[in-house]
Amino acid sequence: MKKNRSSAVSRTHKQGPYHLMLLPGMVLLFIFHLVPMVGLLMAFEDFMPIKGLFGSKFVGMANFQRLFKLPTFWRILRNTIVISVGKLLLVMVASVVFALLLNECRHVKLKRVVQTTVYLPHFLSWVILAVMFSNIFSYTGIVSQIVQFFGGEPEMFMISNTWFRKILIGGEVWKEFGYGAIVYIAAITNIDPTMYEAASIDGAGRWKKIWYITLPSIVPTIILMTTLNIGKLLKGGFDQVFNLYSPLVYETGDIIDTYVYRMGLVDLQYSNGTAVGLFQSLIGFVLLVIAYKLADKLVGYRVF
Amino acid sequence: MKRIKISDVVIYALLIFSGLICLVPIWNTIAISFSDKTSAALGLVRMLPVNFTLASYNNMMEETQFWTSFMVSIKRVLIGVSINMIVTILMAYPLSKSPREFHTKNIYMWIVVFTMLFNGGLVPTFMVVNNLHMMDTFWALVLPGAVPVFNVILLMNFFKGIPKSLEESASMDGAGPWTVLALIYLPLSKASLATIALFSVVTHWNSYFDGKIYINSMEKLPLQTYIQSLSASLNAEQMAMMTAEELEEQLAVSSLTFNSAKVVVSMIPILLIYPFLQKYFVTGMVVGAVKE
């Protein structure tokens, strides 16, 4: 029976067209994703563009050994981890709190207006937002004015090492909390309403229902989203940092991706740039695989 | 139920606050773009324009570079999104088949997953584009990112949900894979396709970095790269040499109102498609993130 069916299947499913359909995408992936992996060889060479990839001197792990001795390397690694952990945690908390608040709102129109406004920043680029941020956080900007109103001193927040990381993390929370809340809102919609009815009969108030029903129901989603984000740990958010930072805040704001850009494409130290990039890709790869395995184990989520 | 509770008031206040906080920076920028230069530089503009003027917008109308870049971005969205969509659809369909129906599916799938998990990084990718002689061409903006792997997987998962019986009965009538894809799968996935297309539009419109590293000619510069170059026009070394006061002075004379006006106009296309985005992205996001 099974054999019959499978031969019927292969009769109706000719393989040729499938290969043909995949061809354009595979060619593009090959050229722009797989071929660059050959270029990773540069990380183990003293690469000179004139001598080419296969003519340059092979130096083994020397680039990495030099790299690990560099104080800058540990600085960018520390900055990246501090910034991305801060972002992941605070965006998550803000998104969950917002989703819970929105769920408690019975005023349909207000709900819709608020949703429309909080999703908007997600779709604006950091190029544009950087112009806005530099207006707001300048010496004469709104934030300085608010600080002055409460008796503080105005400040150039964007070039202050005390404030820069806070602006990065706060800025990310501001941009993404609304959009990040969507999955939690969806999870809350799936909660069985009879649970709330039963709780009401037992005399539970609004806060008790949030605490004992709503929140526990979205814990699997929270675990899932956090786990999947583990893979992004060595990404500090290039577009944001690149558009907001300046040499004055390298100390606290320079991350791996911005460093790779300056090293590789500005200072033209191809081998060093590639080496740092490879370090990041390798750790990122391991973290992603761990994240996907964990997501499967903890909440039974499979990406494919 | 009818009396107003304090908890309701607190919740409404917090929600209105979160809505406002998302609007303030945008609103403030719009107000600055309609104010005169001096008031803006002195930081007098908050939520309303001071000494209302259209000067910045008039200046902008005459600045050819802005509109050249605007048109480059429009072109990049039209061509880039078309390429993205064609490639995505053509990859998602065969990959949605079971290995029994498409024998080498798993090999292809592994390649796709591998490119998602691991990449060559910035410098090697730059070298490839350089060696292909694509530097300073339009294609450098649309080809390196032509396969949005995440979208392929999103659409593949959607295609998997379409009942096999539809395809089987069409096959009985002699329809091949191309016909099945065009006449059965695509019409059934309009919402998913719209979601992916809109996301693709936003990505292309907002991209600036590829323009920055691959494009040298001003007439090929995309809008976001152009705006980025304005705000970064003080070069890094110069800034490092300056004292805080000098830097602030520099920043104040750079045209705050003019840049704000450019930012406002560059947001318009996003705002125009935002209603459609909002209609679709909720489904897209939920399908993508929490699949059954």
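1. A salt bridge here is a side-chain nitrogen of Lys or Arg within 4 Å of a carboxyl oxygen of Asp or Glu. Under that rule, the interface of chain A and chain B has one salt bridge. Note that this is a predicted model.

2. Which residues form that bridge? R206(A) pairs with D8(B). Their closest N and O atoms are 2.9 Å apart. That falls within the 4 Å cut-off, so the pair counts.

3. Next, the extent of the interface. On the chain A side, 97 residues are in contact with chain B, and 106 residues of chain B take part in return. The size of an interface is often given as the accessible area lost when the parts come together. Between chain A and chain B, the buried area is about 9,300 Å². Carbon and sulfur atoms give 77% of that area.

4. Polar links also cross between the chains. The count is 17 residue pairs in polar contact, with both residues at pLDDT 80 or more. On the side of chain A that touches chain B, helix α2 (residues 15-39) gives the most, with 20 residues. The residues of that side of chain A divide into 66 nonpolar, 25 polar and six charged.

5. Now the second largest pocket. Its space is about 950 Å³. The lining has 30 residues. Nearest the centre of this pocket lie F137(A), G170(A), W174(A), F17(B) and I21(B).

6. Which helix supplies the largest share of the lining of the second largest pocket? Helix α8(A) does, with eight residues. Chain A helices α4 (71-104), α6 (126-136), α7 (142-149) and α8 (164-189) each supply at least two lining residues. Helix α1 (6-33) of chain B also supplies at least two.

7. What is the make-up of the lining of the second largest pocket? Its residues divide into 25 nonpolar, three polar and two charged.

8. Back to salt bridges, this time over all chains. The count comes to 13. One of them joins E172(A) and K87(A), with the closest N and O atoms 4.0 Å apart. This pair links distant parts of the chain, since E172(A) sits in helix α8 of chain A and K87(A) in helix α4 of chain A, 85 residues apart.

Technical notes. Residues are numbered from 1 along each chain as its sequence is written. Chains are lettered from A and ligands numbered from 1 in the order in which they are written. This is a predicted model: local features need pLDDT of at least 70, side-chain atom pairs count only at pLDDT 80 or more; totals for chains, interfaces and linings use all residues. Side-chain values use heavy atoms; hydrogens and water are left out. Contact means heavy atoms within 4.5 Å. Buried area is the accessible area (1.4 Å probe) that two parts lose on being put together, summed over both. A polar contact is a pair of N or O atoms within 3.5 Å; within protein, one must be able to donate a hydrogen and the other to accept it, and residues adjacent in sequence count only if both atoms are side-chain atoms. Helices (H or I, at least four residues) and strands (E, at least two) are DSSP runs, numbered from the N terminus. Ala, Val, Leu, Ile, Met, Phe, Trp, Tyr, Cys and Pro count as nonpolar, Asp, Glu, Lys and Arg as charged, and the others, Gly among them, as polar. On a 1 Å grid over the protein atoms alone, a cavity is a set of points where a 1.4 Å probe fits but cannot get out, and a pocket is an open set with protein on both sides within 12 Å along at least five of seven lines; lining residues have an atom within 4 Å of a point. Grid points are joined across faces, edges and corners, and a volume is the space filled by probe spheres set on the points.
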